[in-house]
Amino acid sequence: MDEASEFQRARSPEAKRRREASILEAARSLGGERGIRDITLTDIATAVGMHKSALLRYFETREEIFLRLTAEGWQEWSDALSARLRENAEPGPASVARAFAATLAARGLFCDLLAHAPLNLERNVSLTAVRDFKLATLAARGPITAAVREQLPALDDQDVTDLVATAVSLAGALWQIANPGTEVAALYRSDPRLAHAVIEVEPRLARVLTATITGLAAAPPA
């Protein structure tokens with residue numbers, strides 16, 4: 001029995017959920033290995049062992065697949081960051097910033113997805129997919145807001161919303177800068193004048209977020 005027949009038989013809701021999970025896992029693995037920019041639907045279908053036409057029964061576009069992974073990444077990061085903040089014994093702008101920076105820098109694929117989400121992942125999917133994604137990110141921000149405000153009572157909900165937006169935007173951009181193509185990376189290493197182009201995501205992100213938190217805490221109420 002060939003692969004196409006196997007996939008045609010995935011008719012029950014549970015079988016479809018398993019198939020969707022296998023597609024998402026294949027995309028996650030490929031994205032982690034190569035970055036998501038050049039991963040195609042055909043690449044994902046091949047990794048799963050199915051035809052591209054069969055994959056389209058589960059996801060309309062590659063962007064929908066990666067947007068789902070971004071939503072999952074938000075929830076996983078929210079859990080990790082909230083847990084780290086709750087364990088933080090020395091509240092303050094610098095320690096909170098380090099928690100944000102460390103948990104984001106440890107999630108390279110998530111940072112890659114964060115950069116692409118507003119640029120293209122949200123632009124080639126249905127309105128339903130966009131709504132589901134936005135609601136997922138909203139739900140993920142809730143525990144982060146509660147954990148940050150326990151550490152930094154001077155910040156209100158809007159302050160934390162701005163902090164999270166700054167953190168994820170910067171993490172996405174800095175990860176792209178820190179992970180250029182192979183030839184460009186070699187160029188940076190070969191020319192001392194280009195040393196400024198070589199960055200580490202975590203310390204740079206921690207520094208900027210410390211300044212951001214300090215400024216938000218000192219700002220008068222709107």
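A nonpolar core, as used here, is a set of buried Ala, Val, Leu, Ile, Met, Phe, Trp, Tyr and Cys residues joined through side-chain atoms within 4.5 Å. Keep in mind that this is a predicted model.

**Stop one: the core.** Select I44, W77 and F100: of the 62 residues in the largest nonpolar core, these three touch the most other members. Then colour helix 5, residues 62–86, which gives the most to this core, with nine residues.

Now centre on W77. Which residues does W77 touch, leaving aside those up to four places away in sequence? Show F100, T103, L104, R107, F110, I144, V164 and V168 to see them.

**Stop two: the salt bridges.** Side chains of opposite charge can pair when their charged atoms come close. The structure holds 11 salt bridges, and the next selections visit some of them.

Go to helix 2, residues 13–34, and pick R18 and E14, which sit four residues apart there, about one turn of the helix. Their side chains meet in a salt bridge at 3.8 Å, N to O. R18 is exposed, with a relative accessible area of 51%, while E14 is partly exposed at 38%.

Next, select R34 and D43, whose side chains form a salt bridge at 3.3 Å, N to O. R34 counts as partly exposed at 49% relative accessibility, and D43 also counts as partly exposed, at 24%.

Finish with R62 and E63. Are these two buried or exposed? Both are buried, and their side chains meet in a salt bridge at 3.4 Å, N to O.

Key:
Residues numbered from 1 in each chain as written. Predicted model: local features only at pLDDT ≥ 70, side-chain atom pairs only at ≥ 80, totals over all residues. Heavy atoms only, no water. Buried < 20%, exposed > 50% of the residue type's maximum accessible area, 1.4 Å probe, protein only. Helix = DSSP H or I, 4+ residues; strand = E, 2+ residues; numbered from the N terminus. Contact = heavy atoms within 4.5 Å. Salt bridge = Lys/Arg side-chain N within 4 Å of Asp/Glu carboxyl O.
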